[in-house]
Amino acid sequence: MRETMTAKEAAEILGVSEWTVYDLARRQMVPHVKIGRRVLFRRTSILAWLEAQEQASVRREP
């Protein structure tokens, strides 16, 4: 299995549109790498980012 994926593949994992993924990358909100004109996403980084977003949404009691 390859380590990187396209915006379309990342969008499928996240359950959002491909354009939303490009927008998140443009605003530096999701981990990505640009190689030439291509924007690629590492599967493990996307899953870790998703986990962090989920954890941040849960209110922690002191």
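Rings of Phe, Tyr and Trp (its six-membered ring) are taken as a pair if their centres lie within 6.5 Å; planes under 30 degrees apart count as stacked, over 60 as edge-to-face and the rest as tilted. The model examined is predicted, with local features requiring pLDDT of at least 70 and side-chain atom pairs pLDDT 80 or more, while totals for chains, interfaces and linings use all residues. Residues are numbered from 1 along each chain as its sequence is written, and side-chain values use heavy atoms, with hydrogens and water left out.

In the whole structure, 1 aromatic pair was found. The ring centres of Trp19 and Tyr22 are 5.7 Å apart and their planes lie at 45 degrees, so the pair is tilted. Trp19 and Tyr22 are 3 residues apart in helix H2 (residues 18–26), and are therefore separated by about one helical turn. Trp19 is exposed, at a relative accessible area of 68%, whereas Tyr22 is partly exposed, at 31%. Here buried means under 20% relative accessible area, exposed over 50% and partly exposed in between (1.4 Å probe, protein chains only).

The protein contains 3 helices and 3 strands, in the order β-α-α-β-β-α along the sequence. Helices (H or I, at least four residues) and strands (E, at least two) are DSSP runs, numbered from the N terminus. Of the 62 residues, 23% are buried. The C-alpha trace spans about 45 × 25 × 20 Å along its principal axes. Among contacts (heavy atoms within 4.5 Å) with a separation of 6 or more, 46% are between residues 24 or more positions apart.
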